[in-house]
Amino acid sequence: MGITWPWAAKRTSDILWLDLGDLGDLINPDGPHEQWQDHGLGLLRTILHQNGIQTDILSTRAVTSWDQLAKQLPGYKMMLMNVRSYTYPSAYKAAQIFKEINPDGIILTGGMHATVALDEMQAVPEFDKICQGPGEKVIVDLVRNPDDFPRVIQGVGASSMAEWPMIDRTLWPKPASRRVRRKFNWPLEPECGWGPGPVVTILTSRVCPWQCVFCNENSYIPNMGRRPVDAVIDELNYLDDKHGVGSIVIHDSMFFQNPRWLREWIEKYPRRANKVWPYWAAARSDTVRQWPDLFEALIRETNWKTISIGFESGSDRILRLLNKECTEEDNNFTIDLLNKIADEYEAQGKEPPKFWANIMLGIPGETPEDAFKTMRMLKRMKWVFPSISYYAPYPGSALGFQLIAEGKSLMSKDNYHRFPDDEKVRGVDYQFYRELLAGKYDDIINQGLDAVRHGSDLYQGALVKA
Amino acid sequence: MSSFSNPHYMYLFDLKNGKKKLAYGESPEDALDILSVRLSDAEMAEIMTDSYVKISQRDLQKHVSELG
C-alpha cells in the first residue's frame with residue numbers, strides 16, 4: 001500500500017468513489033450550496049454496499065490541491081466518478097492523476113455529462129468505462145465484472161423511485177475542516193438560509209416534463225414513478241429520530257406537479273411526520289395559476305416556506321425564446337398570490353413564506369427593456385431571495401446544443417465551470433448586465449412600479465452560478 | 001396558464017447549407033417568429049421555412065449532430 005494522506009479515513013477497500021466539486025469546498029466553502037451532497041453518489045454507493053461491495057470515499061472538495069488528492073490515491077484498483085458538465089474538468093484532471101499513480105487501475109464514469117456529451121467523455125482515454133443514463137440497475141455488475149462490458153454502456157434505471165433504497169447518508173463525504181465540521185451537521189447538511197439546520201435534502205420525484213430550452217432534462221432522463229408519500233415521510237422521521245431534522249430541501253426539479261401526489265402529501269405530511277418541518281421546493285408560475293388552491297394549501301398546511309419559481313424573465317418575448325410556456329401574466333399571478341398570503345402571515349405575526357426567484361439574464365436576443373422588465377418583476381415580490389444567473393448554453397439542452405452548433409457558446413470543456421461572472425455566449429453585452437446588477441438603471445426600472453419596495457441592493461451580489 | 005392552454009412543439013428546419021435549425025413554438029410559424037428574436041436577418045435567410053419536421057423532446061438528443 002502506498003503513502004496515505006494523513007487526514008484520510010482508514011482504507012477499507014481497493015475501490016474508490018471520488019466525489020467531485022471545486023477544490024476546498026468542504027474545507028473553506030464559498031457558500032452553503034457548495035457543501036450539498038451528491039444524491040447520485042449516495043444512492044449508487046448505498047446499492048453497492050448493500051450488495052457487499054465496499055468502497056472508499058475521497059472528495060476533490062476535501063483537498064485544496066491536486067497534490068493532496070494524489071497522495072491518497074496509490075493502491076486503488078478502481079475509481080468511480082459521477083460526472084456532471086460542471087465537474088467534467090475536475091473528473092478529467094482526477095482521472096489523469098489516478099492513471100499516473102495506478103496505471104493498471106480502471107476508471108468507471110457515469111453521470112449527466114456522459115449522457116449529454118458522450119463525445120467529450122470518449123475523448124478522455126483515462127475513462128475506461130462510460131455509463132450513459134441511470135446506473136442503479138447496472139452498477140453492481142459493472143463494478144464486479146467491468147471486463148464484461150463495452151467501453152460505452154447504456155445504463156438501466158429503476159422504473160419507479162419506490163424501488164430505490166433509502167440512501168445511507170453516512171456514505172457521503174465528510175466536511176474536511178474543523179470550522180465546516182462544526183456547522184455542517186453531517187451526515188445531514190448545513191443550514192443555508194432557507195430554514196433551520198440540520199437540513200435534509202431529499203428527492204420525491206425525478207424529471208420535469210416541461211420543455212424549457214435551457215434544460216430539457218426530459219430528453220435525457222427517463223421517466224420514473226414518483227416516490228410514495230409514505231416512503232418520503234418514513235425517511236424524514238428516521239433521519240429525525242437518528243440525527244434531528246431542522247428543515248428540508250426537496251430537491252426535485254419540479255415538486256409542484258402531479259396533483260394527486262400533492263394532495264396525498266397535504267393529507268399525510270402534517271399528520272404523520274414527527275414535525276411539520278419547513279421546506280424548500282420548486283414550482284412553475286403556470287402550474288400555480290392552474291392549481292392555485294392546491295398551491296395555497298401546500299403553503300398553509302405543509303409549511304412550504306421557500307417557494308422556488310423559475311420565473312427566468314419578466315418579458316413575454318424572452319419567455320417565448322426560452323420555451324418557458326409561462327407568460328408575464330402567469331408570473332404576475334403567482335407574485336400577487338404569494339404577496340397576499342405573505343401579508344396575511346405578517347398580519348398574524350407569523351414568518352411569511354418567501355420566493356426563491358430564479359432569474360436568468362444575458363439570454364441571446366434579450367434587449368435592455370426585456371432586462372428592465374425582469375428586474376421590475378423581481379422588485380414586485382415582497383418577500384424574495386433572488387437567484388440570478390447568466391444564461392449558460394449547456395449541452396443536453398435544446399438552446400445550448402443549437403448555440404454550440406452556431407459557434408456562439410463561449411463555454412468549453414475546460415471551462416464548464418459555473419463562475420457567476422463568466423461570459424457564456426458570444427454577442428451578449430455583459431457590461432450592460434454588470435451595470436444593471438450594480439444599480440445603474442434603477443431609476444428606469446422603478447418608473448414602471450406602483451410601489452418601490454426594494455433598492456438595487458436586492459440584486460447586487462445575487463448573481464450565482466448557472 | 002400557458003403550457004396548459006398553448007402547448008409548444010419542437011421543429012427541425014432545413015438550412016440551405018444542409019444542416020438543421022432547432023426551433024420551438026405553438027406552430028412552425030410561431031417557431032420561426034421565436035427564432036427571429038435572437039437570429040440576424042442573414043441567419044434567418046438561411047432557413048428553408050417550408051421544409052421542416054416536428055420532433056418530440058424525447059428525441060432531441062438524436063438530432064444534435066445535424067444542427068447548424
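## A buried lysine and its partner

The model you are looking at is a predicted one. Which residue does the side chain of A:Lys268 meet in a salt bridge? The partner is A:Asp230, with 2.9 Å from N to O. This pair links distant parts of the chain, since A:Lys268 sits in helix H9 (residues 259–272) and A:Asp230 in helix H8 (residues 229–243), 38 residues apart. A:Asp230 has a relative accessibility of 28%, and is therefore partly exposed rather than buried, because buried means under 20%.

A second bridge joins A:Arg272 and A:Asp234, whose closest N and O atoms are 2.5 Å apart. A:Arg272 belongs to helix H9 and A:Asp234 to helix H8, so this pair too ties together parts that are 38 residues apart in sequence. Both of these residues are partly exposed: A:Arg272 has a relative accessible area of 30%, and A:Asp234 has 40%. Now put the pieces together: A:Asp230, A:Asp234, A:Glu264, A:Lys268 and A:Arg272 are linked in a network of salt bridges.

Across all chains, the structure holds 37 salt bridges. One of them brings together the side chains of A:Asp286 and A:Arg284, at 2.8 Å from N to O. Are these two residues buried or exposed? A:Asp286 is buried, with a relative accessible area of 0%, and A:Arg284 is buried as well, at 1%.

## The two chains as a whole

Chain A has 466 residues, and a compact globule with that number would have a radius of gyration near 23 Å; the value for chain A is 23 Å, which agrees. Its C-alpha trace spans about 70 × 55 × 40 Å along the principal axes. You can find 17 helices and twelve strands in chain A, and buried residues make up 61% of its 466 residues.

Chain B has 68 residues, for which a compact globule would have a radius of gyration near 11 Å; chain B has 12 Å, which agrees. Taken along the principal axes, the C-alpha atoms of chain B fill a box of roughly 35 × 25 × 20 Å. How many helices and strands does chain B have? There are three helices and three strands, and from the N terminus on they run α-β-β-α-α-β. Of the 68 residues in chain B, 44% are buried.

In sequence, A:Leu80 and A:Leu16 are 64 residues apart, yet their C-alpha atoms are 6.3 Å apart in space.

A:Trp186 is 16 residues from A:Thr170 in sequence, and 7.9 Å from it in space, C-alpha to C-alpha.

Where on chain A do positive charges gather in a surface patch? The residues are A:Lys174, A:Arg178, A:Arg179, A:Arg181, A:Arg182 and A:Lys183. Among them, A:Arg181 is found in helix H7 (residues 178–184), and counts as partly exposed at 49% relative accessibility.

The loop between H7 and strand E7 (199–202) holds A:Pro187, and the peptide bond from A:Trp186 to A:Pro187 is cis, with omega near 5°. A:Pro198 lies in the loop between H7 and E7 too, and a cis peptide bond joins A:Gly197 and A:Pro198, with omega about -10°. A:Asn185 also has its place in that loop. A:Asn185 is partly exposed, with a relative accessible area of 29%, and has a positive phi of about 70° although it is not a glycine.

Most residues other than glycine have a negative phi, and most peptide bonds are trans. A:Glu312 is in strand E10 (residues 304–312) of chain A, and is buried, with a relative accessible area of 6%.

Technical notes. Residues numbered from 1 in each chain as written. Chains lettered and ligands numbered in written order. Predicted model: local features only at pLDDT ≥ 70, side-chain atom pairs only at ≥ 80, totals over all residues. Heavy atoms only, no water. Patch = residues over 30% accessible without salt bridge, like charges linked within 9 Å, V, L, I, M, F, W, Y side chains within 5 Å. Areas by Shrake-Rupley, 256 points an atom, 1.4 Å probe, with all protein chains shown as cover. Salt bridge = Lys/Arg side-chain N within 4 Å of Asp/Glu carboxyl O. Lys, Arg positive; Asp, Glu negative; His and termini not counted. Charge placed at Lys NZ, Arg CZ, Asp CG, Glu CD. Helix = DSSP H or I, 4+ residues; strand = E, 2+ residues; numbered from the N terminus. Buried < 20%, exposed > 50% of the residue type's maximum accessible area, 1.4 Å probe, protein only. Rg over C-alpha atoms; globule rule 2.2 N^0.38 Å.
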